Amino acid sequence: MGSEIEQDGRHVFVYGSLMYLPVWGQVVKGVYPCMNAIAKGFQRHAVPGETYPAMVRNTQAQVQGLVWLNVRPEDIHNLDVFEGSEYAREHIEVFLNTTGETVKADTYIWRHPDLLTDALWSVSQFEAEGMQAFLDRHVGNWNSTGQRK
């Protein structure tokens, strides 16, 4: 089943800190609509010593996140720089929760699954405890430096 969502740019599936406007809005310049989505065949893990997650392949799992629609090339570049060398941008299929449609979207896959433990990343824990630490440590003055701290 293909999507009827018009595509003028790249869709981007996010599953961690970039689901939150205080982070997303510091990294990208454009304003984009988003929808709840699921990436099947993946699992979201906690990264040891960090507040952000890593997504890796796992055929028995799925990850709930958001898909930002029609992201412009300059913002794709900003996202690539922000994610850094720990992640590889890949094109995957995601399922939209509200419509059941599938869309192709870029996402960021963790390159070092051997560094992860079995601990899964907790959305509620990030919202309660990790968001401010993440902003302070990794976002800070992102727009003025263009570099990930």
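Strand β2 (residues 34-46) pairs with strand β3 (residues 53-71) in the antiparallel sense, over 12 bridges, in this predicted model. Across this pairing, Gln43 faces Val56 in β3. The hairpin formed by β2 and β3 has 6 residues between the strands, and Gly49 in this hairpin adopts a positive phi near 80 degrees.

Strand β2 is also joined to strand β4 (residues 87-96); the two run antiparallel and share 2 bridges. In that pairing, Ile38 stands opposite Phe95 in β4.

| Strand pair | Sense | Bridges |
|---|---|---|
| β2 (residues 34-46) and β3 (residues 53-71) | antiparallel | 12 bridges |
| β2 (residues 34-46) and β4 (residues 87-96) | antiparallel | 2 bridges |

Beyond β4, the loop between β4 and β5 (102-110) contains Thr98. Thr98 has a relative accessible area of 63% and is therefore classed as exposed, since the cut-off for that class is over 50%. Although Thr98 and Asn36 are 62 residues apart along the chain, their C-alpha atoms are separated by 7.3 Å.

Is His11 buried or exposed? With a relative accessible area of 1%, His11 is buried, because the class requires a value under 20%. The side chain of His11 reaches the backbone nitrogen of Asn70 at 3.1 Å.

How values were computed. Residues are numbered from 1 along each chain as its sequence is written. This is a predicted model: local features need pLDDT of at least 70, side-chain atom pairs count only at pLDDT 80 or more; totals for chains, interfaces and linings use all residues. Side-chain values use heavy atoms; hydrogens and water are left out. Buried means under 20% relative accessible area, exposed over 50%, partly exposed in between (1.4 Å probe, protein chains only). A polar contact is a pair of N or O atoms within 3.5 Å; within protein, one must be able to donate a hydrogen and the other to accept it, and residues adjacent in sequence count only if both atoms are side-chain atoms. Two strands pair if DSSP finds at least two bridges between them. Helices (H or I, at least four residues) and strands (E, at least two) are DSSP runs, numbered from the N terminus.
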